[in-house]
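Visitor: I would like to go through a few local features of this model. Please take them one at a time.
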Amino acid sequence: GKQKGIDGVAAPRQFLWLLLLGRAFFVVRQAAANVVARLMRRKVPAARARRLRQRGVVLFLGGDQMLAILLAWRLRYRCVLYAERAVLWPNLASAYVLRSRAQLAHVPARWRHKCHVSGDLLLALARKRESTAAQSTKRSSPSETIVGVLPGSKRAKLRIGAPFFLSSAASLMSQMSTDGVKPPRFVLPLAPTTTADDLQACLDDTTDDLAKRFGWLIGRARVEMFEADSDDVRERCGSYEHVGHVVADHRDGELVVELWAPSSDSGGVPPFELYASMDLALTTVGTNTAELGALGVPMVVCLPSHAIEDFRGAAGGLLGLLMQLPLGVGAAVARRVNLALLSQSGHLAWPNMWADAAGVTPPVPELVGRVSPEEVAESAASLLVDATARDSVRDALKRLASAQEEDTGEGGTPTQEVVRCVFAQM
């Protein structure tokens, strides 16, 4: 590896192979590398696979904490978990890295020696990219407004989120046209873990059915990609590029949403520059609300519960597995679990959780439950036509994000603290 002291890194996509093969995975990978090396007449150090098998660390940055602990057990490695919110398994983890000092109060005293405070990784990354966020996408005119459509990255969210947020965008376009206001320009950045084919599959699966069941505006939706050899100029904005459009039929005509995807050299980084270009974002819950908040982008956060049984595996762990059971059992489990989670949750957007902790008014509207796309459009339109209200929200978001950064941990940047903790376990 490029980092001194690290011989190699296994990517998240290799999780199942690592879990299945254990340390033998590195032997198999080394054998494949040796074959390639012979074909290309290169020399591969034979000792590398042995070093990888001897010791290592599983680093958890998001998802299901138990899966990281299970993988560490399978590989007989140490396990370092970054906890944004809850410290769930302090007795099983080798070490925890915490987002804030306030989390320590919820950790049993006998396990606190395992916990290290780093600060907020998401905010640190967003702030690091903020200086380049000025490279925003070009506007056709100074009065043009840009609205981001962020339906989620996991398939469980996309199956409902994609048609719902497109319906919300169609409703917003119709409402603003009726009011005599120029409709906004819509942009949809794909998450680094999602492809255009994934998006099209979700639209094919659910759009027509959901539109008919719930009376949403749109009908069939399709992804239209630019041809590789076409004359279309692919506009770039930071690490993302304009690759095509999502086109959806609706009652008042046709909705066209720009589709943006990570460029080949993006390195899996979120589209911070594109976020910074947005006057408003229509987004589901998740880490993107923290990223938008760090950049001061006003947003309307939605978590529709229509066909909530379709959110299979969104809870993760054992419950996520039970949700996959056939013959209607999984659907019943999913409905009960998801409704229970919704009823027990407070605010879901990160900026609102920051506001709760600070004892101030939450700046972001949250629409949760069986909300309609028209309700989302109404909330979004009220911000789009009122520049003063948007500026007020933007200022509140930046104040809250800055307050989070004051908890910088035990010295150094959040990233440095995580790296330090990993090396301490090696």
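Guide: A definition comes first: helices here are DSSP runs of H or I with at least four residues, numbered from the N terminus. The model is a predicted one.

Visitor: Which helix gives the most to the lining of the second largest pocket?
Guide: The second largest pocket has a volume of about 570 Å³. Of its 21 lining residues, those closest to the centre include Arg85, Arg99 and Gln103. Two elements give two or more residues to this lining, helix H14 (387–405) and helix H12 (350–358). The most comes from one of them, with six residues: H12.

Visitor: Is Ser379 buried or exposed?
Guide: Ser379 lies in helix H13, which spans residues 373–384. Leaving aside residues up to four places away in sequence, Ser379 touches Val300, Pro365 and Leu367. Buried means under 20% relative accessible area. Ser379 has a relative accessible area of 17%, so this residue is buried.

Visitor: How does Val36 count in terms of accessibility, and at what percentage?
Guide: Val36 is part of helix H2, residues 24–39. The class between buried, under 20%, and exposed, over 50%, is partly exposed. Val36 therefore counts as partly exposed, its relative accessibility being 45%.

Conventions: Residues are numbered from 1 along each chain as its sequence is written. This is a predicted model: local features need pLDDT of at least 70, side-chain atom pairs count only at pLDDT 80 or more; totals for chains, interfaces and linings use all residues. Side-chain values use heavy atoms; hydrogens and water are left out. Buried means under 20% relative accessible area, exposed over 50%, partly exposed in between (1.4 Å probe, protein chains only). Contact means heavy atoms within 4.5 Å. On a 1 Å grid over the protein atoms alone, a cavity is a set of points where a 1.4 Å probe fits but cannot get out, and a pocket is an open set with protein on both sides within 12 Å along at least five of seven lines; lining residues have an atom within 4 Å of a point. Grid points are joined across faces, edges and corners, and a volume is the space filled by probe spheres set on the points.
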